[in-house]
Amino acid sequence: MFPEVAAEPPLLQNLNPEQRAAVTLPNEHALILAGAGSGKTRVLTTRIAWLLQNGQVSPGGVMAVTFTNKAAKEMMTRLTAMLPVNVRGMWIGTFHGLCNRFLRAHYKLANLPQSFQILDTQDQLSAIKRLMKQFNVDDERFPAKQTQWFIAGCKEDGLRPNMVEARDEETRKKIEIYQLYEEQCQREGVVDFGELMLRSFELLRDNDPIREHYQRRFRHILIDEFQDTNKLQYAWIKQLAGPGSSVLAVGDDDQSIYAFRGARVGNMADFVREFNVQHQIKLEQNYRSYSNILDSANELISHNSKRLGKNLRTDQGPGEPVRVYEATSDFAEAQWMVDEMRQLVRDHGTEPGFARKEIAVLYRSNAQSRVIETALFNAGVPYRVYGGLRFFERAEIKHALAYLRLLENPRDDTSFLRVVNFPPRGIGARSIEQLQDAARAMGASLHDAVSTMSGKAGANLGAFVAKIDVLREQTQGQTLREIIELVLDHSGLIEHYKADREGADRIENLEELVNAAESFVTQEGFGRDAVALPVDELGRPLTQSPASQGLDPNLPPAGEPLAPDADTGETLSPLAAFLTHAALESGDNQAQAGQDAVQLMTVHSAKGLEFDCVFITGMEEGLFPHENSMSDYEGLEEERRLMYVAITRARKRLYLSHSQTRLLHGQTRYNLKSRFFEELPEAALKWITPKHQGFGSGFGFAPNSVAKNDRYTRTSGGFNQDLTRFASPPVPAQKTAPAHGLRSGMQVFHNKFGEGTVLTLEGSGDDARAQINFPRHGVKWLALSVAKLTPV
DNA sequence: GGATTACAGGCAAAA
DNA sequence: CCTGTAATCC
């Protein structure tokens, strides 16, 4: 079953020395610092192929962990292209996907029902809201979002309620809610994302035979994007890594952009120390971008202090300069971009134009996409927006899934409440409250409590529950496709949206759900959720009984489809498997997939992607860097890394743009251009704002400020700090424009509040306001015509 | 009591 | 701009 080792494996051809060293590392722990565009995925997959080819490990002994489903799929695709290997035996997937697989196989030990359902972020929030209402928690003092943040944060740190320190009264209350939330989830047979991780970790930690079994099994553990791992994920890896395993961590500290969701860059240093890592390899050769782009990235990131140290280099020439554009408004910025794109796409005779899908527009926050979308739409340019609501997160899809989940698990109160009165069937808030009271009193689920209800409300509720129960009966033994079609039909969802004038899209999506299910069933890898297989020291599957090898006799044989239970071999129903899939892979944003369209996305979601041409828009103080991150040093460094990620997405052309004015939260804001401009190498940049740029027609004032603008335009290439002050804000009433002379980031002194940092500037003249962070008094908005501020 | 519409308040990034 | 609640009608 092992291919003979080739004399000179073609796998190693065309690898540079560092890459080759990484691929052929000895079987020990190692860290690879992989810069952007340095062929990281290639190294990872080639490493696995190399290990397999040399017979050092069998597929069953390999675990490769990623953060996104996309990365996992990419890895499997590339791997199968390299070697005729059955990827099904390997554990390749996201942290959450693998934890799910593990918990399904050992659900009894994990104290979960076999068909436990997974709450996504939305579901989790509504579960918390419901709980807080039930226990009369003041939602002014404890906003549900904040509570959700707290609970998720605790789990990311591996903390159960009893392990969290109650520093103050507020925290004590939050811990109490956390405790209640856990009980509620357990009662209802659901787990959230964090719980998937935490419970797998605890099972590994507390159950010696299980832990030792998996430690024996996984000879090679490879982790992608290691800089994004949180405390719990790191602890989980430590549990899995046994005496004979080799952990290969691949990461880039400069691309750590997920601190807000618990990522700890420090895990890289901890890994080196705690695993006694002897092999560290830096991949600094970049195969993606021209040097103007790379120099910009290198120079920018050099302004960060806490770095492991790494500098990207390329053999490609300088390429085009990085073009910088200053627009008068967000509207004008979008318009300029559309014009520029037209040029890029156009065939110039000697050189063919760029494909539209090779052009990406990146922005810091999702809200910025609207203006750009409008401009593209009006110009008739096809585009595709990532982010926002993904397929499985759309309301109509979630409704349909809620019905399906109730078939699988009637205790799922979150799903029950979502659809009990959708489509409307005469069950209002009052009836639901009564039902919740009854359920609480008898300690039962809402579903089971319905039988105690009487009167008209009881009749309506009874009819609903009966419908669910009948559907459950009817769908026994049916195919997934039939089940979903039946549910769509009998739930009344289709009918309801048919009556809605704007329901056509939703019906289309519901039909797409049937397709999604169909392709889930037929797709290769449907059964890839195989569970633990007993293995020998090299990770080869054992042919003898596992018990005779001293392994846990309860562990199942290899290759079973559909994640059979480790004990009984009982498999998950296709419906339950599909529901899991829906929760763990929120689905590509399938709008116009495959079409040659311009790509719009946040910088976060651009990570890992690359394009010929990249536009980074909204390069303004308060937006990028974002105002919520500007006040503290750590936050600012993360913003800088984010910018680093954005820049390194570009292969050939990079555009940076900022706008003097922007409509944000319904009002015009005057933002200064981003401080990041000053951290880029002048030689690599080219200022392309037209000299006599007038103000857009939508502004209601004439371009009478040409003199000023002209002066600004002359700063092309250089970024003279003093001049920027004259350039923005370009307010109609010019005499009052920049009278205060403040800049965000500036230190100022206030008679009452003391020293503080200017965060944001807004408005002009007598209305000018500044948001200032005073360490002693917090963040305040001050009217500049009133407040006495002196620069420090 | 429930359904529908009107309006106020919040608003970063995401598996 | 989207969500959650208040006001209104049935």
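**Basis of the entries.** I am working from a predicted model, in which local features need pLDDT of at least 70 and side-chain atom pairs count only at pLDDT 80 or more, while totals for chains, interfaces and linings use all residues. Residues are numbered from 1 along each chain as its sequence is written, chains are lettered from A and ligands numbered from 1 in the order in which they are written, and side-chain values use heavy atoms, with hydrogens and water left out.

**E165, continued.** I noted that E165 is exposed, with a relative accessible area of 58%; exposed means over 50%, buried under 20% and partly exposed in between, with a 1.4 Å probe and protein chains only. Leaving aside neighbours within four places in sequence, E165 is in contact with T171 and I175, where contact means heavy atoms within 4.5 Å. I also read off the C-alpha separation of E165 and I175, which are ten residues apart along the chain, as 8.7 Å.

**Chain A as a whole.** I counted 28 helices and 21 strands in chain A, and of its 792 residues 56% count as buried. Among the contacts with a separation of 6 or more, 75% are between residues 24 or more positions apart. The accessible surface comes to about 33,700 Å², with 50% of it belonging to carbon and sulfur atoms; the area is from the Shrake-Rupley method with a 1.4 Å probe.

**The annotated site.** I checked UniProt, where an unreviewed entry places the feature "binding site" at A34, G35, A36, G37, S38, G39, K40 and T41; such annotations may be inferred rather than shown by experiment. G37 is found in the loop between strand 1 (30-34) and helix 2 (40-53), and at 14% relative accessibility G37 counts as buried. Beyond its neighbours within four places in sequence, G37 is in contact with Q285, N286, Y287 and R288.

**Nonpolar cores.** I found that the largest nonpolar core has 61 residues, and that M63, W236 and F271 have the most contacts inside it; a core is a set of buried Ala, Val, Leu, Ile, Met, Phe, Trp, Tyr and Cys residues joined through side-chain atoms within 4.5 Å. Another core, of 50 residues, lies apart from that one and includes F416, I432, I494 and A576.

**Aromatic rings.** I noted 22 aromatic pairs in the structure, a pair being rings of Phe, Tyr and Trp (its six-membered ring) with centres within 6.5 Å, counted as stacked with planes under 30 degrees apart, edge-to-face over 60 and tilted for the rest. The rings of F226 and Y234 have centres 6.3 Å apart and planes at 75 degrees, so this pair is edge-to-face. The rings of F416 and F464 are also edge-to-face, because their planes are at 85 degrees, with centres 5.4 Å apart. F416 lies in helix 16 (residues 413-419) and F464 in helix 19 (residues 455-474), so this pair ties together parts that are 48 residues apart in sequence.

Technical notes. Helix = DSSP H or I, 4+ residues; strand = E, 2+ residues; numbered from the N terminus.
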